[in-house]
Amino acid sequence: MRKHATRRWLAGLAVVGACVAASATPAPAAPANPGASPGQVVTAGFTTSANNVTLAPGGPGRTVVLRVPGEKLQDSYTITVDYGAVDAFVEVSGSAASACTRTGTVLTCLAYQEDAPDLLSLSVRPRAGATVGRQGLLRFTVTTGRSGTSTTTSTVLVGEGVDLVAGPAVTLTGGPGATVPVGLSVANRGQETVRGVVLLVSAAYGLTPSKRYRNCRYGSKGGLVHFTPNLFACTFDDEIAPGRAFRVDGGFGVTVPRDVSAPNVQPGTATWFTPQDWADAQPSYTLDQQGSGGVLRLEQVGTRLPGGTSRAAQTDVRPNDNETPVELTVTGNQRADLAADEVRITAKVGETVPVTIGYTNRGPASSSNGGRDFYTIVEMTVPKGVTAVKVPKNCLDADIQDEEGGRPGARAYLCYQYDVIHKGGRVALPFSFRIDRAGPLTGTVQLRSGPVGTKDLDPSNDTAKILVNHASGGQGGDDGSLPITGSPSGLVATVGGLLLAAGIGSYLAARRRRSHFVA
């Protein structure tokens with residue numbers, strides 16, 4: 001069983017025309033804060049984590065995902081799952097793709113290096129007769145051949161079933177610098193009063209919140225993927241009676257950054273949670289900044305009904321209708337001019353030297369800020385007679401595109417970059433080159449933008465030379481710029497197709513950024 005690393009790498013580029021949003025059972029990521037996963041134990045140098053879930057009597061099942069956060073281990077994994085503490089009120093089953101055996105109330109499963117970071121997915125469903133308030137732990141033990149053992153737990157809780165439904169899609173229009181109101185709403189379609197709600201907004205660069213409210217927390221690192229740099233969650237204590245709806249007050253809106261690319265389309269998603277479902281989902285997000293402005297409030301639409309008396313934890317029985325897509329059409333006309341940086345190296349044969357490959361944004365717009373200006377690929381051809389001995393993890397061998405990034409010794413690399421780079425900002429990819437041959441040697445750096453059809457403001461400076469041991473001002477010598485057999489244009493086309501096919505609401509766990517960005 002082998003996964004294609006290129007597909008995972010391309011998935012990290014996120015979704016064109018769609019914004020990743022949360023549901024009540026998101027694919028869990030590393031906890032936002034130490035201790036956010038209560039049973040997590042650090043042993044032998046690696047950690048594991050598993051998300052908590054809340055079920056409703058007679059309601060749908062949830063998925064518990066066991067993960068090894070951060071860098072995957074160069075190892076295989078034996079996983080035991082003890083579900084004896086929950087067997088009386090839930091059914092636990094492993095993925096059909098997993099190699100699992102069952103002995104009593106213990107599952108034993110195998111996972112491999114290629115499976116990381118998601119090692120195992122379990123389906124957890126309430127049994128007939130499950131009662132509100134029942135809870136227990138799933139206990140995971142992960143053993144590796146070389147890295148030791150790690151343990152973690154997942155809490156399974158039975159709560160009261162409710163049914164929130166989000167308001168209709170929101171379409172906005174505004175130019176760079178404009179402030180635009182955003183009308184969001186939520187209703188209760190169930191039979192029980194909903195006691196409090198949480199609103200999570202995950203959005204592209206153009207949908208930057210105009211105000212920061214005291215009852216909202218904001219993420220400085222953005223959403224689960226790089227395409228969603230705006231992330232915040234707001235908590236409301238209002239009770240929503242059956243059949244009633246609330247809307248966010250009229251002061252809520254976004255300010256379009258002045259350096260956003262235009263014309264463009266910037267997507268986002270607003271998702272509503274019960275407080276308990278948000279408690280289960282929250283460890284997947286880093287919300288490290290508290291708002292300091294006024295209080296964001298909900299306004300009831302229609303007459304208020306008496307609130308409920310139950311105090312049990314509540315979970316949404318139909319979370320698939322809790323999302324409102326938001327789309328901003330950015331008017332105007334401004335783009336970025338990305339200029340590839342020339343590299344000059346002077347070194348002796350046999351010497352290894354650090355080399356920075358990259359480009360500079362000359363403005364006026366920022367780059368990689370979503371929609372039509374989504375990502376930049378740096379295509380670098382290593383000079384013939386030079387060996388790349390240190391390679392960033394976000395750079396793939398151009399000829400072996402199903403291998404992991406960071407592979408030394410390739411003759412050409414394709415490096416992704418999709419962080420927002422403002423005017424004057426620079427992308428610097430840290431390589432190390434070993435000089436194997438005397439004489440002036442030449443390689444190239446070329447920039448390619450995506451999705452397919454994206455044009456740089458000045459394509460003439462999208463290509464630069466890598467000059468090794470050239471005389472000052474000279475261009476002679478052997479040109480190592482061999483054609484890349486992996487077909488960069490084909491790669492970009494593949495990227496565009498995969499991204500467009502991904503769709504709204506998909507969870508794509510993006511790789512941690514490896515480029516070094518210089519303001």
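Colleague: Which residue stands opposite Val81?

Modeller: Phe140 in β9 does. This is a predicted model: local features need pLDDT of at least 70, side-chain atom pairs count only at pLDDT 80 or more, and totals for chains, interfaces and linings use all residues. Residues are numbered from 1 along each chain as its sequence is written, and side-chain values use heavy atoms, leaving out hydrogens and water.

Colleague: What makes β4 and β9 a pair?

Modeller: Strands are DSSP runs of E, at least two residues, numbered from the N terminus. Two of them pair if DSSP finds at least two bridges between them. Six bridges join β4 (residues 77-82) to β9 (residues 135-144), so the two strands pair. They run antiparallel.

Colleague: Where do these strands sit in the sheet?

Modeller: The order is β2-β10-β9-β4-β7-β6, an open sheet of six strands with mixed pairing.

Colleague: Why are β2 and β6 called edge strands?

Modeller: Each pairs on one side only. β2 covers 53-55 and β6 covers 99-103.

Colleague: Why is Thr315 called buried?

Modeller: Buried means under 20% relative accessible area, with a 1.4 Å probe and protein chains only. Thr315 has 0%, so it counts as buried. Its place is in strand β25 (residues 314-316).

Colleague: What makes Thr315 and Asp277 a polar contact?

Modeller: The cut-off is a pair of N or O atoms within 3.5 Å; within protein, one must be able to donate a hydrogen and the other to accept it, and residues adjacent in sequence count only if both atoms are side-chain atoms. The side chains of Thr315 and Asp277 are joined at 2.8 Å, so the pair qualifies. The side chain of Thr315 also reaches the backbone oxygen of Thr54, at 3.3 Å.

Colleague: Which residues is Val162 in contact with, leaving aside neighbours within four places in sequence?

Modeller: Contact means heavy atoms within 4.5 Å. Val162 has Thr315 among its partners, along with Glu192, Thr193 and Val194. Val162 and Thr315 are 153 residues apart in sequence and 6.0 Å apart in space, C-alpha to C-alpha. Val162 lies in strand β11 (residues 160-162) and is buried at 2%.

Colleague: How do you know that Arg212 sits over the ring of Tyr218?

Modeller: CZ of Arg, or NZ of Lys, must be within 6 Å of the ring centre and within 35 degrees of the ring normal. Arg212 lies over the face of Tyr218, at 4.5 Å from the ring centre.

Colleague: Which residues form a cluster with Tyr218?

Modeller: Phe232 and Phe252, linked by ring pairs.

How values were computed:
Helix = DSSP H or I, 4+ residues; strand = E, 2+ residues; numbered from the N terminus. Phe/Tyr/Trp six-rings, centres within 6.5 Å; stacked < 30°, edge-to-face > 60°. Buried < 20%, exposed > 50% of the residue type's maximum accessible area, 1.4 Å probe, protein only.
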